[in-house]
Amino acid sequence: MILMLIALAVFAITYFLIITEWINKMLAALVGGFVVILLRVVNQHTAFAAIDWNVIFFLIGMMLVISVVRETGIFMLIAIKTAKLAKGKPLNIMILMFLATGIISALMGSVTTIMILVPIVLLIAGELKIPPAPFIITMVIASNMGGAATMIGDPPNIMIGSATDFSFLDFIINLTPPVLAIMASSLGLIWLIYRKGMKVSNERRAKLMEYSETNLIRSKKLLLASLLVILLMLLALTLQVPLQLETATISMAAGLSLVLIGSRKKVEKILVNDIDWITIFFFIGLFMIVEGLVATGFIDLLANSVTTLTGGNAKYTSLVILWLSGIFSAIIDNVPFVAAMIPMLEKLGASMPDPSQVHPLWWSLALGTCLGGNGTLIGASANIVAVGIANRNGFKISFKDYTRIGAVFTLNSIILSTLYIWLRYYL
Amino acid sequence: MYLASFLDARDICIEQRVLSKQQVYQMLVDRICAHHQLPSCGTKLLELILQREEEAPVAYASGIAIPHIRMEGFEDTVVAMAFLQNPIDYEGTKISWIVLIITDKTSSKTYLNIVAALLKLSKDSEAMANLAAAHDGHSVVHRLKEMAVMVKKDLFISDIMIVDPVSIQPGATLKELNTLMSQYGIAGLPVVDQNLNYLGEVNILDLLKVGIPDYLMMLDNLNFLMSFEPLEKLFENENEIKVSEIMSRDEIYLRPEASIIEAVFEMILHKKRYMSVVKEGKLVGLVTAMDVLRKVITA
């Protein structure tokens, strides 16, 4: 009991530090993780065993893939082509960027996509002399939506995919349809909110159309190799079940082959610059802290009280999870939230008579956390990264600026998700 | 080590005649060759000395000229000198003391320290008057011994640094910085307060970075951008932005007593081509990688 309280205290303090950002979140998570061991809540062996290496190596593999693919210039090409395709008209750019961000996020991850595309949008907005904030906000929203559509798009989904038996294909079958609907309705919202007020002179537009993308691809050979490897990776992920391969193996295989093909002379530079160790160790620390809660029985306690509350009814539990995770993910970073929710859902599932009843719970968690991340400025990593870039460039996006728009899209997303969960799994 | 210990009275002459530069050099070469085994001697040696002088000037404002030559396989250092009662004109500088140094190709430290000792001496008018009053080589060696003129064993950064370098205060505008940089042709300078307390450094890349938005730095490449107004923001805000906003504050600096190897080590480690020299918090000098090359390696 005392151990449980200690575990809970470490958990609470760490999450408080993560939310307030008084210290670096990776440092907070890692300190919390080892404090749990030092105070003998769990022994080192148990804590280390709780680290989901499938998630860790999946992330590292994807970071390797992205580091090489960035080199080819393909992301820049897509962004510039998109702006030109929109003929420099602001609303068109916004809509096309929304779609491009969503698609790339679904395949490459939301944070990376934002990191690559936001600087380009700042450039384009600067050239067109229009305020960049609406573009950044809608792109962040798109990145979290696109990320929700696949197993590899958003950190919460990666963690859920790894903790459960769901394959890449299961995620597509269960999550891509609602996300497509949500994105389509979001386009309508964009039109409603932004259709007026963005005027650009012809001269400015002409300047944008002068961008020459002919030199953007540095090496056609590397580009072809990259596209081939990504294609093979997606194929392997789709055939995960018959191939009996775990996600981390597939992403590491893709990442390592690309590094071997394209960057074998720059391995040290990639390890230092392109692998985001902060994120990696943040995850490691979180897994260890949450293990403290699991090992001391706190998660059991929580799961039991949820079961009592919903009377074991899977439909209500799903909807509660959806809304709860939507609200919580908006308030705190969704990664630590999911880290704590996963063991709870595992316990909940164990207490249900029919294991297949558990499935919708997971999809509710995935939709709730990924889409809830859009709710406020601090809801997801992509939001924080994007606003950080904007602020550094003198375009202040305040909590209010973001949340005013983000909350509308989130509410729309969660309502549609509720409908989806209800109609698809419980009718 | 005493400077006198490097000297042989036979290699020192007091000259009253009106002679040309070549004549003096010839005389010094003859004296040295008379009792030293050199890899080459006579006219050949004289030519080498003159050729070396073409590459780098040897005259100093204090009235001393130090022609020198480094010979492969000599493994010694020989110093010969002439005190001229009729000064020779070295492209505008009146030279009344010529010191010829012949040394080995590999030992620059001894040579540089002898040069440092000679330069210091040449600026000391009392000592110079004392030496000029000598009537022969023995007397010169004797007087140097009496004055206890030392040649340091080691070479320090303070021996090769630029003393009182150009610096700027944090309150200066970028326009002033820009002007200083172009005026002196320098790509970076130390930042100090009004009492010369060292605060940091500012370089040309810090300045140019003002003109390029942060988001451009985050792009993978810029080769699609043909017509971005170059450095627009820099021109617009030159008069408003202060050096304090772009300078770096935690720069590495050297102590004056740092060794050459330490300076080179720090330069390579931190990829810096110049370093401030700071003593008790105050800026006293600046040493550049080029100084090391010119004054130590190819000296």
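Visitor: What is the angle at which helix α12 and helix α14 of chain A pack?

Guide: In this predicted model, helix α12 (residues 220-238) and helix α14 (residues 247-262) of chain A pack at about 170°, and their axes are 10 Å apart.

Visitor: Why is α12(A) called roughly antiparallel to α14(A)?

Guide: Angles over 145 degrees count as roughly antiparallel. The angle here is about 170°, so α12(A) is roughly antiparallel to α14(A).

Visitor: Which residues in α12(A) and α14(A) meet?

Guide: From α12(A) come L222(A), A225(A), S226(A), V229(A), I230(A), M233(A), A236(A) and L237(A). They meet T247(A), I250(A), S251(A), A254(A), S257(A), L258(A), I261(A) and G262(A) in α14(A). By class, this contact of α12(A) with α14(A) has eleven nonpolar and five polar residues, with no charged ones.

Visitor: Where does helix α22 of chain A bend?

Guide: Helix α22 (residues 399-426) of chain A bends at G406(A), by about 25°.

Visitor: What makes a residue of α22(A) count as buried, and which ones are buried?

Guide: The cut-off is 20 or more other C-beta atoms within 10 Å of the residue's own. The buried residues of α22(A) are Y402(A), I405(A), G406(A), F409(A), T410(A), S413(A), I414(A), S417(A), Y420(A) and I421(A). G406(A), where α22 bends, is one of these buried residues. Among the elements that cover them are α8 (133-149), α10 (168-194), α18 (314-331), α20 (359-372) and α21 of chain A.

Visitor: How do you know that the radius of gyration of chain A agrees with a compact globule?

Guide: The rule is 2.2 Å times the number of residues to the power 0.38. For 427 residues a compact globule would come near 22 Å, and chain A has 22 Å, so the value agrees. Along its principal axes the C-alpha trace spans about 70 × 50 × 45 Å. Of the 427 residues, 49% count as buried.

Visitor: How many helices and strands are there in chain A?

Guide: Chain A has 22 helices and zero strands. Of its contacts with a separation of 6 or more, 82% come from residues 24 or more positions apart.

Visitor: How many residues does the contact take from chain A and from chain B?

Guide: Chain A gives 19 residues and chain B gives 13 residues. On the side of chain A that touches chain B, α5 (74-85), α7 (110-128) and α21 (381-392) give two or more residues. The largest share, four residues, comes from α7(A). By class, that side of chain A divides into ten nonpolar, four polar and five charged residues.

Terms used:
Residues numbered from 1 in each chain as written. Chains lettered and ligands numbered in written order. Predicted model: local features only at pLDDT ≥ 70, side-chain atom pairs only at ≥ 80, totals over all residues. Buried ≥ 20, exposed ≤ 12 C-beta atoms within 10 Å, placed from the backbone. Contact = placed C-beta atoms within 7 Å. Nonpolar A, V, L, I, M, F, W, Y, C, P; charged D, E, K, R; others polar. Axes fitted to C-alpha atoms, helices over the stretch in contact; angles between N-to-C directions. Parallel < 35°, antiparallel > 145°, perpendicular 65-115°, else oblique. Bend = angle between axes of the 7 residues up to and from the residue.
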